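Dear colleague,

My notes on it follow, arranged by topic.

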Amino acid sequence: TSNFVLKSGMCDNQQFQFENKSSIQNGFAGNFWDFNDNGNVSTEKNPSYRFSTSGTKTVKLIAVSEFGCTDTFVKTISVKESPKVSFINSALCSVKPTNFTNTTPTVSGAIANYSWNFGDGTTSTVESPIHDWNAKLGPKSISLTIELDNGCKETVTKKLIVKTQPKPVFK
């Protein structure tokens, strides 16, 4: 008897963990999984799989006995779309503020929450913030995390350097 449960996984940027619940009274059984995702399959007992696209997937498990008898179990699962986080920025200078522009494509039907960490002890929840470095020079790890109301989230981090900006003086 073929059967399985989805143990974990919800978004297209996560590993989905499947637990095989198939049983056989006598003998041994093999497994053949079809993830309905670009022809990807597995023969593992309890596979992990990362879907290449979001949407509704019809996952199939075929249990095959050592005598060639088969049973198929099919379950429809939903793979939610995650944000594909990216940003660009102007120069990081000690005097002039830096413009950070969120370039993440919109996920249709989802509301996004933004969380920036500028690596200098300050944060922002604005979609595309402007940040003043207050003379905090040197390397910074700048992160943008976007969490959608569908439960999916993603973070991207860039290592950037705040440089000294000259101050012109006229006499």
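Is lysine 84 buried, exposed or partly exposed? The model, which is a predicted one, shows lysine 84 as partly exposed, with a relative accessible area of 42%. Its salt-bridge partner is aspartate 12, and the closest N and O atoms of the two are 3.0 Å apart. Aspartate 12 is buried, at a relative accessible area of 10%.

Salt bridges

The count of salt bridges comes to 4. One of them joins lysine 7 to glutamate 19, with 3.4 Å between the closest N and O atoms. Lysine 7 is in strand S1 (residues 4-8) and glutamate 19 in strand S2 (residues 16-20), 12 residues apart. Lysine 7 is exposed, with a relative accessible area of 54%, while glutamate 19 is partly exposed at 24%.

Another salt bridge is formed by aspartate 37 and lysine 57, whose closest N and O atoms are 3.5 Å apart. Aspartate 37 counts as buried, with 2% relative accessibility, and lysine 57 is buried at 7%. Salt bridges with shared partners also join Lys7, Glu19 and Lys21 into one network.

The sheet

An open sheet is formed by 4 strands, in the order S4-S3-S6-S7, with antiparallel pairing. Its edges are strand S4 (41-42) and strand S7 (70-79), each of which pairs on one side only. Strand S6 (residues 55-65) pairs with S7 over 10 bridges in the antiparallel sense. Within this pairing, valine 59 has lysine 75 of S7 as its bridge partner, and threonine 56 has serine 78. The hairpin of S6 and S7 has 4 residues between the strands, and glycine 68 there takes a positive phi near 90 degrees.

Aromatic residues

The structure holds 17 aromatic pairs. Tyrosine 49 and phenylalanine 51 make an edge-to-face pair, 4.9 Å centre to centre, with 85 degrees between the planes; both residues are buried. Phenylalanine 100 and phenylalanine 118 make a tilted pair, at 5.3 Å centre to centre and 50 degrees between the planes. Phenylalanine 100 lies in strand S9 (residues 98-102) and phenylalanine 118 in the loop between strand S10 (112-117) and strand S11 (123-124), so this pair ties together parts 18 residues apart in sequence. Phenylalanine 100 and phenylalanine 118 are both buried.

A cluster linked by ring pairs contains Phe4, Phe16, Phe18, Trp33, Phe35, Tyr49, Phe51 and Phe73. Over the ring of phenylalanine 4 sits the charged end of lysine 75, 5.5 Å from the ring centre. The charged end of lysine 158 likewise sits over the ring of phenylalanine 87, 4.3 Å from its centre.

Aspartate 132

Aspartate 132 is found in the loop between strand S12 (130-131) and strand S13 (138-148). This residue is partly exposed, with a relative accessible area of 34%. Leaving aside residues up to four places away in sequence, aspartate 132 touches Val95 and Pro97. A polar atom of the aspartate 132 side chain lies 3.1 Å from the backbone nitrogen of asparagine 134. The C-alpha atoms of aspartate 132 and phenylalanine 4 are separated by 53 Å.

With kind regards

Definitions and conventions: Residues numbered from 1 in each chain as written. Predicted model: local features only at pLDDT ≥ 70, side-chain atom pairs only at ≥ 80, totals over all residues. Heavy atoms only, no water. Pairing = 2+ DSSP bridges. Helix = DSSP H or I, 4+ residues; strand = E, 2+ residues; numbered from the N terminus. Phe/Tyr/Trp six-rings, centres within 6.5 Å; stacked < 30°, edge-to-face > 60°. Buried < 20%, exposed > 50% of the residue type's maximum accessible area, 1.4 Å probe, protein only. Lys NZ or Arg CZ within 6 Å of the ring centre and 35° of its normal. Contact = heavy atoms within 4.5 Å. Polar contact = N/O pair within 3.5 Å; in protein donor to acceptor, adjacent residues only side chain to side chain. Salt bridge = Lys/Arg side-chain N within 4 Å of Asp/Glu carboxyl O.
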